[in-house]
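Here is my note on the model, point by point. Please read it with the structure open.

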Amino acid sequence: METAWPGWIERKDREIRARLDQGDEDTIVNWMLFGTSFTRRPRAVLGAVESGTAGDRELVLRRTIELISARLDDLLTALATPGTDERRLFARALLRRKGLRFATVAERDAARNYLLAAVIRVASEQEQIDQELGATSSGDPLTEFVQRSRLFRTRGLSLDTSLIPNYSVEQALAAMKARGLLTPGSVRRVAIVGPGLDFADKEVGFDVYPQQTLQPFAVLDSLRRLELAPSTGGPEIALLDISPRIIDHVARLGHGPHETSATR
């Protein structure tokens, strides 16, 4: 065990870093399909190109390809001159780490081909997940749970976040207070594992607001509303995440009256 452990850790480290890198690439693909800040074209969603097609699947497919191609060209134009836009700078930096540039026609063609391949990969992975999901209805709840738990075992780790889970967290805190497990002012330190970072909304592609994390602030609001936080001097909220990008984002926010620590 002592001999094997360092090698296992090294392999797992490489795997996780590769999945984080792939997740960032997936984020750029999603942004290219649904974002609105870099293009005036419609979002590449179901129904966007179906007007006047009379159910012609071939025409719908051709229009979809044309729309994605045009949105990709708009994104590459935006990445060539990113200005101070944080999303453009992030996407440009990721692609530059892949050896891609945007100055010449040849360089932009190479970046275009790379992103098209990424779109195809993401679509293929989603199709495979849909197929596996459809095969999970075995009738045995335990077997179905195990199968569903493995659906995203190799998928890229995108830094998504959502406000919805915080409702469950607040309900749990309220129940613990009602049962006397937590008393007023008793919560002085909280650890949030995987707070997430909202790059662009996955449902409708909103990217008109700065990137943001939600969990630390929602939990703090809940603790104060339920009067579980100390009246002064706290609580301290520690964030733990496998992605340094999330931790760096929070660290750049600066410290307010209640310090928030961040740990990779």
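1. Start with a backbone nitrogen. That of Arg41 sits 3.1 Å from a polar atom of the Thr39 side chain. Keep in mind throughout that this is a predicted model. Where is Thr39 in the fold? Thr39 belongs to the loop that runs between helix H1 (4-34) and helix H2 (57-80).

2. The Thr39 side chain has a second polar partner to check. The side chains of Thr39 and Asp74 are joined by a polar contact of 2.6 Å. Leaving out residues up to four places away in sequence, Thr39 touches Arg71 and Asp74. Is Thr39 buried or exposed? Thr39 counts as buried, because its relative accessibility is 9% and the cut-off for buried is under 20%.

3. Next, the charged pairs. The structure holds 14 salt bridges. I take up some of them here. Glu15 and Lys12 form one through their side chains, at 3.5 Å from N to O. Both residues lie in helix H1. They are 3 residues apart, about one turn of the helix. Glu15 is partly exposed, with a relative accessible area of 42%. Lys12 also counts as partly exposed, at 34% relative accessibility.

4. Lys98 and Asp21 make another salt bridge, with an N to O distance of 2.4 Å.

5. Look next at the strands. The side chains of Arg189 and Glu236 meet in a salt bridge of 3.2 Å, N to O. Arg189 lies in strand E1 (residues 189-193) and Glu236 in strand E2 (residues 236-240), so this pair ties together parts that are 47 residues apart in sequence. Are the two partners buried or exposed? Arg189 counts as exposed, at 59% relative accessibility. Glu236 counts as partly exposed, at 31%.

6. Salt bridges link Glu25, Asp26, Arg121 and Glu125 in a network.

7. Now the interior. In soluble globular proteins, nonpolar side chains tend to be buried together. The largest nonpolar core here has 27 residues. Which residues have the most contacts inside this core? They are Ile28, Trp31, Met32, Leu33, Leu75, Leu95 and Leu115. Helices H1, H2, H3 and H4 each supply at least two residues of this core. H2 gives the most, with 7 residues.

8. Leu33 deserves a separate look. Leu33 is among the core residues with the most contacts inside the core. Not counting residues up to four places away in sequence, Leu33 touches Arg43, Ala44, Ile68 and Arg71. Arg71 is also touched by Thr39.

Methods. Residues numbered from 1 in each chain as written. Predicted model: local features only at pLDDT ≥ 70, side-chain atom pairs only at ≥ 80, totals over all residues. Heavy atoms only, no water. Helix = DSSP H or I, 4+ residues; strand = E, 2+ residues; numbered from the N terminus. Buried < 20%, exposed > 50% of the residue type's maximum accessible area, 1.4 Å probe, protein only. Polar contact = N/O pair within 3.5 Å; in protein donor to acceptor, adjacent residues only side chain to side chain. Contact = heavy atoms within 4.5 Å. Salt bridge = Lys/Arg side-chain N within 4 Å of Asp/Glu carboxyl O. Core = buried A, V, L, I, M, F, W, Y, C linked by side-chain atoms within 4.5 Å.
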